[in-house]
Amino acid sequence: MAGPQERRKSVGVDIGGVQVGGGAPIAVQSMTNTDTADIDSTVKQIAALHRAGSEMVRITVDRDEAAAAVPHIRDALARRGVDVPIIGDFHYIGHKLLTDHPACAEALAKYRINPGNVGFKAKRDTQFSTLIDLALKYDKPVRIGVNWGSLDQELLTRLMDENNDRAEPWSANHVMREAIIQSALMSAARAEEIGLGRDRIILSTKVSDVQNLISVYQDLGGRCDYALHLGLTEAGMGSKGIVASSAAMGILLQQGIGDTIRISLTPEPGGDRTKEVLVAQELLQTMGFRQFLPVVAACPGCGRTTSQTFQVLAKEIQDHLSSSMPVWRERYPGVEDLSVAVMGCIVNGPGESKHANIGISLPGTGEAPAAPVFVDGQKVATLRGADVADQFKQMVADYIEKKYGSGKSAAAE
């Protein structure tokens, strides 16, 4: 079976103990949407994102109050036992905030700089240099993050003018992509000239259109060996944002491009911010790059499965596994590799259940009211009665304890 292409070779970057690039597993990150100056709310959300599996969390540092809050946020997280790198997101006045708030500069694990708004005209080079000097002073890596919504207009205008002189002009989209790439590469080159090593630089070139995102990262990935942060910016809300992000990044990841990802979902009003972390994990796990959660296989249902029993049980099992993982990661090493099957009829039920670590084939419409259970490919029980779901959930718990817990058998070891 064909698998992903060989990972693009990139220089590894250490971000507060998390390795990005250099062959390390593709890292999942996220961003808060709280007011950073609200320390309690920001700490609570960072903790929730990390608990969900975010390996780095970015926060907005947009004014003095936010910058002053950063070391307090770090300390509050430490008191909670939350060890996650915090990334500072800077626009317009990052050079001033990091200069005026050295405790903030020291507390952050990485700085994110947007070359499109780091400064304008004569101030651009000076303010960019100041940011890189600060990164050197505090030994922090930097993400140079270009976004087509805030692209350097002088650079874009120059490239548009040059394009007009071509015998065969590029399309406007092609020029836009080239401007994005050049902005990232020229900024990285300048950072290196100042003294920042390649192992302290990550690049991103974000757009909100799927095809343009694929094209720009394919081109960028072929022109440098910096570690790359993937993300479809302004992806949108709900299924639209999930599908668009997965389509774009799935293609790039399959081609070996990308060292860390963020799914930029717009939450529903009052929605759970951690959803973007779960989607990122599911994307990487579905494609076979990493394993974060036990897999629950369940059939989609058809006219043979008019009872909702298998749907209810599948959801209960999935929800239980997901909610338990923050604790289970510590208690049951390797449990993320567990596979569970909850099937709805005899057609594929026994076969799928045999492929899972533990699986149940519930009776379909008109079938005998019996549910065979398979463990590691062997039938071990047939469940009957109104409490079949509870019986199976207990068997799953017993299996996890035996295989991954302190009670695991010598054979399992």
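## The five-stranded sheet

Two strands are taken to pair when DSSP finds at least two bridges between them. In this predicted model, an open sheet is built from five strands, arranged in the order β13-β14-β15-β16-β17 with mixed pairing.

Strands β15 (residues 358-361) and β16 (residues 371-375) run antiparallel and are joined by three bridges. Opposite G359 stands F374, a residue in β16.

A helix also belongs to this part of the model. Helix α13 (residues 388-404) lies across β14 (339-343), β15, β16 and β17, and its direction is at about 165 degrees to that of β15.

Residue Q29 belongs to strand β3, which spans residues 27-31. Q29 has a relative accessible area of 1% and is therefore buried, the cut-off being under 20%.

Leaving aside residues up to four places away in sequence, Q29 touches S54, M56, I87, K110, H229, T260, I261, R262 and E276. With H229, one of these residues, Q29 forms a side-chain polar contact of 3.3 Å. As for R200, which is 171 residues from Q29 along the chain, the C-alpha atoms of the two residues are separated by 17 Å.

Definitions and conventions:
Residues numbered from 1 in each chain as written. Predicted model: local features only at pLDDT ≥ 70, side-chain atom pairs only at ≥ 80, totals over all residues. Heavy atoms only, no water. Helix = DSSP H or I, 4+ residues; strand = E, 2+ residues; numbered from the N terminus. Contact = heavy atoms within 4.5 Å. Axes fitted to C-alpha atoms, helices over the stretch in contact; angles between N-to-C directions. Buried < 20%, exposed > 50% of the residue type's maximum accessible area, 1.4 Å probe, protein only. Polar contact = N/O pair within 3.5 Å; in protein donor to acceptor, adjacent residues only side chain to side chain.
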